[in-house]
Amino acid sequence: KALDGVRILDFTHVQSGPTCTQLLAWFGADVIKVERAGAGDITREQLRDIPDADSLYFTMLNHNKRSVTIDTKNPEGKLVLEALIQKCDVLVENFAPGALERMGFSWERIQELNPRMIVASVKGFGPGPYEDCKVYENVAQCVGGAASTTGFDDGPPVVTGAQIGDSGTGLHLALGIVTALYQRTMTGRGQKVLAAMQDGVLNLCRVKLRDQQRLERTGVMKEYPQYPNGTFGEAVPRAGNASGGGQPGWILKCKGWEHDPNAYIYFITQAPVWAKICNVIGREEWATDPQYATPNARLPRLQEIFAEIERWTMTKTKFEAMEILNRYDIPCGPILSMKEIAQDESLRRTGTIVEVDHPVRGKYLTVGNPIKLSDSPTQVTRSPLLGEHTDEVMAELGYSSAQIEALRACGAI
Ligand code: COA
């Protein structure tokens with residue numbers, strides 16, 4: 001595996017950090033998750049669907065890891081943690097600001113113990129006025145610019161279902177970690193890696209900062225639904241389902257939309273296939289009519305154009321429409337429900353949707369590794385039970401069975 005031999009001391013909890021360490025585990029790192037005895041990651045018991053079984057929230061974010069329980073505020077537990085710091089390559093954490101230091105593990109202390117250690121953190125904000133604040137997903141979406149630019153112009157800001165604040169930042173952090181590991185091969189030194197959730201969300205909203213500057217310069221954005229009949233204010237408005245790029249798009253109703261909330265298709269009026277679009281919807285004359293023939297001419301007419309295309313899509317199911325449009329190379333995509341995705345055979349064949357067996361909860365579906373490496377294939381294995389690997393990891397650190405029992409008796413592990 002790509003990260004064979006890399007040992008990760010995983011101090012993460014909830015979603016953002018665990019997403020990161022799960023990816024590293026899938027790439028072959030040995031991820032040792034440290035949890036508090038008796039409690040563990042709070043998500044083990046959140047949103048439970050089966051009494052006493054680790055929740056899907058936990059299992060789906062902690063595959064391929066080992067779990068050890070250590071009370072890191074107990075003096076004996078601290079010593080165990082020190083031994084782990086000396087043995088591992090990367091410490092990943094997403095505690096509230098200052099928690100690691102309060103535990104007695106400042107950057108300086110960790111460096112004393114292991115100068116090669118990379119310390120990687122997710123925090124809500126980077127250095128500045130809000131650096132001490134706790135942050136969850138939707139807060140990150142709001143402060144990173146996503147919420148103000150999502151939704152419809154006549155409604156309030158909207159958060160998206162994609163977990164761009166948590167899982168998105170976890171991805172950013174994973175890249176920072178492997179980059180730091182690569183630099184360490186040359187410098188021999190560890191370093192701090194920080195991914196702030198506000199920064200991660202903003203990075204994913206880069207095009208909206210682009211649009212802010214375009215708006216300030218020109219006062220108008222012709223691909224937004226506010227053009228030509230609405231008004232623009234000082235900040236980038238919500239763009240509904242507009243594509244946000246140079247190729248106008250919109251979500252259109254398909255056959256069955258009256259009773260199926262997902263009978264819709266995303267349709268892109270890509271310029272190179274405009275003539276084909278006109279043919280498919282039966283408006284051949286639009287291909288040459290100067291009022292419709294060029295992308296610029298179409299911009300003030302997008303609502304009318306999409307309404308006309310929708311008259312065609314409403315005669316087809318979303319899958320029929322996709323089938324026909326693909327024949328003409330017209331970019332489009334059905335709005336897939338989670339039920340449809342769960343049943344998608346091709347996603348199962350690629351390992352993007354995986355069925356996993358768990359000793360307490362039985363079989364469940366999860367999202368496998370979305371990043372495929374040809375020389376480092378991913379096998380998804382179940383998440384660990386709380387403390388399942390404590391004895392195994394303690395033995396690897398050199399503790400005898402008697403010492404392990406003594407540490408357990410004093411509540412250190
Ligand atoms: N042994 C002993 N104590 C432990 C421990 C262990 N194994 N693991 C954790 N703890 C302690 C911490 O030291 C901390 O104690 P302190 O407050 O006395 O310093 C305490 O548990 C709680 O940790 P904290 O991170 O503050 O959890 P929280 O539930 O209060 O806050 C978040 C949760 C997510 C809001 C917060 O961790 C956070 O803002 N994280 C950074 C941003 C982030 O990742 N957010 C998204 C999460 S998906």
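The buried residues of helix α7 pack against α1 (16–26), β4, β5, β6 (192–196) and α8 (197–204), where contact means heavy atoms within 4.5 Å. Helices (H or I, at least four residues) and strands (E, at least two) are DSSP runs, numbered from the N terminus. This is a predicted model, in which local features need pLDDT of at least 70, side-chain atom pairs count only at pLDDT 80 or more, and totals for chains, interfaces and linings use all residues. Residues are numbered from 1 along each chain as its sequence is written, and side-chain values use heavy atoms, with hydrogens and water left out.

Let us stay with α7 for a moment. Its buried residues (under 20% relative accessible area, 1.4 Å probe, protein chains only) include Gly168, Leu173, Ile177 and Arg184. The 21 residues of α7 (residues 167–187) should span 30 Å at 1.5 Å a residue, and its end C-alpha atoms are 30 Å apart, which agrees; the expected span is 1.5 Å times one less than the number of residues. Just after this helix, Gly188 takes a positive phi of about 75°.

Now turn to β4 (residues 90–93), one of the elements that α7 packs against. Val90 and Val92 point one way from this strand, Leu91 and Glu93 point the other way, and all are buried. Strand β4 pairs in the parallel sense with β1 (residues 7–11) over four bridges, pairing being at least two DSSP bridges between two strands. Here Asp10 has Val92 as its bridge partner. Four bridges also join β4 to β5 (residues 118–123), and these run parallel; Val90 has Ile118 as its bridge partner in β5.

Technical notes:
Buried means under 20% relative accessible area, exposed over 50%, partly exposed in between (1.4 Å probe, protein chains only).
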